[in-house]
Amino acid sequence: LVVGFGDQAMRDTFSLTDVHLIDPSCDPSKVDNLAIRIRHGGALLPCQVKQTANALQVTLEQPIPGISEGQFGAMYYQKADSTVCVGAGVMLLSKPS
């Protein structure tokens, strides 16, 4: 549930916890052209990730509405003519400061 109107519902940062990587040797923070999908069939959203102590901090290129805790985020990158899944995790929202 996202409570808010207009700009209040927009977000461009969140964390991924309980991350499962398809290739455990892959470091998502070093993947070029990384994107994340947060809704089944949703658009791939360009992003950058940074490893923190126990999560991946995700920053989207553009804020979007309706990001909620508990959703899964799946990370992908484009390779030649295919889209490759890097892995996924559970979304956790940062508390407002």
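How many bridges join strand E2 to E3? Two bridges link E2 (residues 35–37) to E3, and these strands run antiparallel; strands here are DSSP runs of at least two residues, labelled E and numbered from the N terminus, and two strands pair if DSSP finds at least two bridges between them. In this pairing, Ala 35 stands opposite Pro 46 in E3.

The model is predicted, so local features need pLDDT of at least 70 and side-chain atom pairs count only at pLDDT 80 or more, while totals for chains, interfaces and linings use all residues. Residues are numbered from 1 along each chain as its sequence is written, and side-chain values use heavy atoms, with hydrogens and water left out.

Turning to the overall fold, six strands close into a barrel in the order E1-E4-E3-E2-E5-E6, with antiparallel pairing. From one strand to the next, the twist averages 45° (axes are lines fitted to C-alpha atoms, and angles run from 0 to 180 degrees between N-to-C directions). E3 and E4 are paired in the antiparallel sense over five bridges, and four residues lie between them in a hairpin. Within E4, Leu 60 is the bridge partner of Cys 47. Strand E5 (residues 72–79) pairs with E6 over eight bridges, again antiparallel, and Gly 73 stands opposite Gly 89 in E6.

Leu 60 touches, among others, Phe 14, Ile 36, Cys 47 and Ile 67, leaving aside residues up to four places away in sequence; a contact means heavy atoms within 4.5 Å.

Two backbone details are worth a look. Asp 18, in strand E1, has a positive phi of about 50° although it is not a glycine. Ala 80, in the loop between E5 and E6, likewise has a positive phi of about 50° without being a glycine. Asp 18 is exposed, with a relative accessible area of 66%, and Ala 80 counts as exposed at 77% (buried means under 20% relative accessible area, exposed over 50%, partly exposed in between, with a 1.4 Å probe and protein chains only).
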